[in-house]
Amino acid sequence: EVPSTTHPLGMRGGGEGGITPALGAGCAALCEEACVAAKKHCLTVSFDVNYRAKLWSRETAAAALRPLMRHVDVCIAGESEAVEILGAARQSGDEDGRLSATARSLAELHGFRAVAMSCRAGDSATHTSFRAMLQGMAGSVFSRRHDITVVDRVGTGDSFTGGIIHAMLRGDEPARAIEFAAATAAWKHTIHGDWNRGSVADI
């Protein structure tokens with residue numbers, strides 16, 4: 001039995017990531033099996049595209065990942081991943097409008113209940129400006145922008161994904177959920193190593 005939850009997405013479940021299916025056909029099949037099992041038990045499935053060019057081409061990634069998307073409820077993707085790998089329509093215009101339209105296109109194409117995207121500006125080895133967006137049934141909400149002096153960028157994407165899943169599981173409304181996820185990623189930029197040691201209270 002799966003206990004009920006009061007979260008707007010009915011979220012109770014686990015996640016998959018785009019690195020695992022990149023490791024080979026067997027790993028991709030295992031991801032499919034895990035997604036099918038999760039849906040059988042009425043769990044919410046999240047997926048972080050997390051594309052790595054050193055592991056596979058965008059074309060190979062698209063061929064492997066798009067069939068998995070029919071199982072996914074919450075997708076985490078960058079703008080280029082959304083368009084070039086998952087097949088969202090390419091958009092134009094300012095950042096707010098472009099990202100919102102990309103996320104809507106992605107949700108309509110694959111049936112996602114929510115899409116989370118991060119966006120950077122003025123990115124360098126030592127400084128980045130970071131914020132994020134969550135698209136759901138009620139529309140798009142953006143986090144505040146964080147201007148960050150970078151200590152270590154490793155693990156920042158995982159921190160963002162973990163932050164959005166944590167916020168959804170505890171029942172945050174979309175605006176609070178995306179603020180928490182963006183803050184989690186911002187905090188990780190300031191910590192050495194690939195593990196975010198910030199507490200929920202810190203973040």
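Q: A patch is made of residues with over 30% relative accessible area and no salt bridge; like charges are joined within 9 Å, nonpolar side chains (Val, Leu, Ile, Met, Phe, Trp, Tyr) within 5 Å. What makes up the nonpolar patch on the surface, and how much accessible area does it have?
A: The patch consists of Ile-19, Leu-23 and Leu-55, with about 260 Å² of accessible area together. That area comes from the Shrake-Rupley method with a 1.4 Å probe, and for residues only the protein chains shown count as cover. The model is predicted: local features need pLDDT of at least 70, side-chain atom pairs need 80 or more, and totals for chains, interfaces and linings use all residues. Residues are numbered from 1 along each chain as its sequence is written, and side-chain values use heavy atoms, without hydrogens or water.

Q: Why is Leu-55 called partly exposed?
A: Buried means under 20% relative accessible area, exposed means over 50%, and partly exposed is in between (1.4 Å probe, protein chains only). Leu-55 has 39% relative accessibility, so Leu-55 counts as partly exposed. Leu-55 is in the loop between strand 2 (44-48) and helix 3 (58-65). Helices (H or I, at least four residues) and strands (E, at least two) are DSSP runs, numbered from the N terminus.

Q: What makes the phi of Asn-50 worth a note?
A: The phi of Asn-50 is near 50°, a positive value in a residue other than glycine. Most residues other than glycine have a negative phi. Asn-50 is found in the loop between strand 2 and helix 3. Its relative accessible area is 14%, so Asn-50 is buried.

Q: What is the phi of Cys-42, and is Cys-42 buried or exposed?
A: The phi of Cys-42 is near 60°, again a positive value in a residue other than glycine. Cys-42 is in the loop between helix 2 (25-40) and strand 2. With a relative accessible area of 62%, Cys-42 is exposed.

Q: Why are helix 6 and helix 7 called roughly antiparallel?
A: Helix 6 (residues 156-169) and helix 7 (residues 174-188) pack at an angle of about 150°, with their axes 8 Å apart. That angle makes helix 6 roughly antiparallel to helix 7. Angles under 35 degrees count as roughly parallel, over 145 as roughly antiparallel, 65 to 115 as roughly perpendicular, and the rest as oblique. Axes are lines fitted to C-alpha atoms, for helices over the stretch in contact, and angles run from 0 to 180 degrees between N-to-C directions.

Q: What is the state of Ala-167, buried or exposed?
A: Ala-167 is found in helix 6. At 0% relative accessibility, Ala-167 counts as buried. The C-alpha atoms of Ala-167 and Glu-179 are separated by 9.2 Å, and the two residues are 12 residues apart along the chain.

Q: What makes Lys-39 and Asp-73 a salt bridge?
A: A salt bridge is a side-chain nitrogen of Lys or Arg within 4 Å of a carboxyl oxygen of Asp or Glu. The side chains of Lys-39 and Asp-73 meet at 2.6 Å, N to O. The pair links distant parts of the chain: Lys-39 is in helix 2, and Asp-73 is in the loop between helix 3 and strand 3 (74-76), 34 residues apart. Lys-39 is partly exposed at 30% relative accessible area, whereas Asp-73 is buried at 7%. The structure holds 12 salt bridges.

Q: How do you know that Arg-131 and Asp-96 are paired?
A: Their closest N and O atoms are 2.2 Å apart, and the two residues form a salt bridge. Arg-131 lies in strand 5 (residues 127-136) and Asp-96 in helix 5 (residues 95-110), so the pair ties together parts that are 35 residues apart in sequence. Arg-131 is buried, with a relative accessible area of 11%. Asp-96 is at 34%, so Asp-96 counts as partly exposed.

Q: Which residues are linked with Arg-131 in a network of salt bridges?
A: Glu-95, Asp-96 and Arg-145 are linked with Arg-131 in the network.

Q: Why is Asp-172 called buried?
A: Asp-172 has 4% relative accessibility, so Asp-172 counts as buried. Asp-172 forms a salt bridge with Arg-170, with the closest N and O atoms 2.9 Å apart. Arg-170 counts as partly exposed, at 33%.

Q: Why is Arg-197 called exposed?
A: Its relative accessible area is 57%, so Arg-197 is exposed. Arg-197 is found in the segment after helix 7. Arg-197 and Trp-187 are 9.1 Å apart in space, C-alpha to C-alpha, and 10 residues apart in sequence.
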